[in-house]
Amino acid sequence: MARQKGVLKLEGQIGDLSFYKSEGEYLARTKGGVDGERIKKDPAFARTRENGAEFGRAGKAGKLLRSALKTPIAQSADKKVSSRLTSQMVKVIQADVTNGRGERNVVDGDLNLLQGFEFNAA
C-alpha cells in the first residue's frame, strides 16, 4: 500500500490507481483481482458467490439493527461499529443449520451470538 507524501492530497481514481483516505492518512493502491463478470458466471467462483450472498445478507441485517437502535447508540457507537456488527452477523448466518451454503440467513441463525455485542470497542 502506497502512502501519499507532500502537499497534494488525492482522493478518487486515475486510471488503475485509487487514492483514498483511511484513519486520517492518504493512501493509494492499484486495481487488482478477477473480472466481475467472471466471478458472476464462472463455475470455479461458485463458493465466492455463496460467500458474497451471505456477506450481503449480514450487512443488510447489521444495517437494519443499527437503524432500529439509531437513537440509543448515537452517543456511544464508534466509527467501526458497522464492520464489527457485520462480522458478528456473518457468524450468526454461519450458525444457520437449516439452509445450505449461500442460502443461510440471520433469522435461521443463532441470534444469541449477538448477546453482549458492544457498540463501542472502548
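Helices (H or I, at least four residues) and strands (E, at least two) are DSSP runs, numbered from the N terminus. What you see above is a predicted model, in which local features need pLDDT of at least 70 and side-chain atom pairs count only at pLDDT 80 or more, while totals for chains, interfaces and linings use all residues. Residues are numbered from 1 along each chain as its sequence is written, and side-chain values use heavy atoms, with hydrogens and water left out.

Ile14 counts as exposed because its relative accessibility is 54%; exposed means over 50% relative accessible area, buried under 20%, and partly exposed in between (1.4 Å probe, protein chains only). Together with Val7, Leu8 and Leu10, Ile14 makes a nonpolar surface patch of about 430 Å². Such patches are made of residues with over 30% relative accessible area and no salt bridge, with like charges joined within 9 Å and nonpolar side chains (Val, Leu, Ile, Met, Phe, Trp, Tyr) within 5 Å. The areas come from the Shrake-Rupley method with a 1.4 Å probe, and for residues only the protein chains shown count as cover.

The expected span of a helix is 1.5 Å times one less than its number of residues. For H4 (residues 81–94), with 14 residues, that gives 20 Å, in agreement with end C-alpha atoms 20 Å apart. Buried in H4 are Val81, Leu85, Thr86, Gln88, Met89, Val92 and Ile93. These buried residues fall within an arc of 165° seen down the axis of H4, so they line one face of the helix; the arc is that of the directions from the helix axis to the C-beta atoms. Their cover includes helix H2 (46–68), where contact means heavy atoms within 4.5 Å. In H2 the buried residues are Glu54, Ala58, Ala61 and Gly62, and what covers them includes H4.

Finally, the charged pairs. A salt bridge is a side-chain nitrogen of Lys or Arg within 4 Å of a carboxyl oxygen of Asp or Glu, and by this rule the count comes to eight. One of them joins Glu37 and Lys40, with the closest N and O atoms 3.5 Å apart. Both residues lie in helix H1 (residues 36–41), three residues apart, about one turn of the helix. Another salt bridge links Asp78 with Arg84 at 3.2 Å, N to O. Elsewhere, salt bridges that share partners join Glu37, Lys40 and Lys41 into one network.
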